[in-house]
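Me: I would like to go through this structure with you. Could we begin with the ligand and then turn to the secondary structure?

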Amino acid sequence: MAGAAGRVVRRWYPSVLRSSLQVPALQLHMSKTAMRASQKDFESALSQVKRLKDPGNEVKLKLYALYKQATEGPCNTPKPGVFDLINKAKWDAWNALGSLPKETARQNYVDLVSGLSSSSDSSSQVKPEADRKQPGYETLVVTSEDSITKIMMNRPAKKNAITIQCLRVHKYQPSSSFSPTHSDVPSEMYNEIMLALKAASKDDSAITVLTGNGDYYSSGNDLSNFTDIPPEGIEEKAKSSAILLRDFVDCFIDFPKPLIAVVNGPAVGISVTILGLFDTVYASSRATFHTPFSHLGQSPEGCSSYTFPKIMGPAKAAEMLIFGKKLTAAEACAQGLVTEVFPDSTFQKEVWTRLKAYSKLPPNAMRISKQVIRNREKEKLRAINAEESRALQERWLSDECTNAVMNFLTRKAKL
Ligand SMILES: CCCC/C=C/CC(=O)SCCNC(=O)CCNC(=O)[C@H](O)C(C)(C)COP(=O)(O)OP(=O)(O)OC[C@H]1O[C@@H](n2cnc3c(N)ncnc32)[C@H](O)[C@@H]1OP(=O)(O)O
């Protein structure tokens, strides 16, 4: 094939996978009605997959396994020898699906491709925006258009984990004239988000959006932040991190315009807790909300110790904040943390259409409405933020926290 799609396929498909994923017709043994709908979806997913950027070997194996299960049922071929590495990896992936029904495998294939397409859509969104992208950020893409300033966390390979740079803890000063194009711009994400919020609070946009690039919204605090210990020692690091945390969260408490989270995928830790300080939270059906603080030997931040019980009631909040219960998007919406959930396949389109309409409302009226809703809580929220940051400063020095972080960094544990 001479077209671009063909070239993309050749770039990332191993030949064996290529042959199995490009099967022209499917032999699906199902009732005719069920077959019509899902076979169409499946076929469209099969052609969509050829246009995707290389999703990495792990995902390619998942696609292969689901394809085989959907079309042939449970693994039915002899196990390849140990030295036949590629075929063995494929066989293992297929065999791992056990007796998963063909229909479920087909549905999972369609869902996986749809997730991959939307994340590649959202990363390809970056390209047309290049000319209106604000310069000076290393970990974010910040754009302004249609009266909307969009702050996109942009470390997709690290699931948009939020970084600190050791010994470069810059205190946020609301009155300073520090601008994102200043030559002293720090590269770490906490400070860049603070700078972007400060700039957005003063620009002529009506609303501000925080979102993530790639398949995650954000995996929260970058756990390697804990390994970068300055010569002054670990106590000093804990102290400066607590100050940074307090300043970071204060920026959200004080943000004067409508602030919207566009939660494009899973969210973890601080990226979840600060959602209680947003005015609106839109989530993709693929998003999850996880605050595994006890698992990490830590305690809640982002004012969640106050906002979560207020939003969802103390019992549900405790399950999330103490026991680390992960919520689906639908559950988070039912608990009131999320405003609305959109199907992942149409998430970006529906959300941005909605936001463009909202951004045309009179900006001063929106600001004043936000003030009226939020202002009486501000002092309280600042005090809670300071208290949570103090508690965390101590937690970071505990063995429970050190062990949990080391287990993640040495790949012994994941969430
Ligand atoms: C000022 C300080 C404030 C502190 C307050 C905040 C508290 C919190 O936010 S607590 C939450 C901390 N976050 C986590 O515990 C998440 C840890 N990550 C994971 O468990 C998994 O990575 C995750 C489930 C998110 C995704 O799993 P996978 O889909 O299997 O992907 P990978 O694990 O292979 O991730 C790809 C790549 O990204 C790196 N990564 C992801 N998240 C983090 C993170 N939070 N910190 C550091 N690194 C992260 C991961 O290590 C992989 O890196 P490579 O191995 O180099 O590819």
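**Ligand shell, sheet and a helix**

Me: Which residues come nearest to the ligand?
Reply: This is a predicted model. Of the 23 residues around the ligand, those that come nearest are A161, S219, G220, N221 and G269.

Me: And how do the residues of that shell divide into nonpolar, polar and charged?
Reply: There are 11 nonpolar residues in the shell, along with seven polar and five charged ones.

Me: Which element gives the largest share of the shell?
Reply: Helix α8, residues 234–254, does, with three residues.

Me: Changing topic: what is the order of the strands in the open sheet?
Reply: The six strands run β1-β2-β3-β4-β6-β9, with mixed pairing. At the edges stand β1 (140–145) and β9 (340–342); each has a single partner strand, so one side of each lacks a neighbour in the sheet. On average, neighbouring strands are turned by 20° against each other, direction ignored.

Me: Are β3 and β4 parallel or antiparallel?
Reply: Strand β3 (residues 207–212) pairs with strand β4 (residues 259–263) in the parallel sense, over four bridges. L210 stands opposite A261 in β4.

Me: Now helix α13. Which of its residues are buried?
Reply: F347, V351 and L355 are buried in α13. Seen down the helix axis, the buried residues fall within an arc of 35°, so they line one face of α13.

Me: What does the face turned away from the buried side carry?
Reply: That face of α13 carries the exposed residues K349, T353 and A357.

Me: How far does α13 reach from its first C-alpha to its last?
Reply: Helix α13 (residues 347–358) has 12 residues and reaches 17 Å, close to the expected 16 Å.

Conventions
Residues numbered from 1 in each chain as written. Predicted model: local features only at pLDDT ≥ 70, side-chain atom pairs only at ≥ 80, totals over all residues. Near = placed C-beta within 6 Å. Helix = DSSP H or I, 4+ residues; strand = E, 2+ residues; numbered from the N terminus. Nonpolar A, V, L, I, M, F, W, Y, C, P; charged D, E, K, R; others polar. Expected span 1.5 Å × (residues − 1). Buried ≥ 20, exposed ≤ 12 C-beta atoms within 10 Å, placed from the backbone. Arc of directions from axis to C-beta. Pairing = 2+ DSSP bridges. Axes fitted to C-alpha atoms, helices over the stretch in contact; angles between N-to-C directions.
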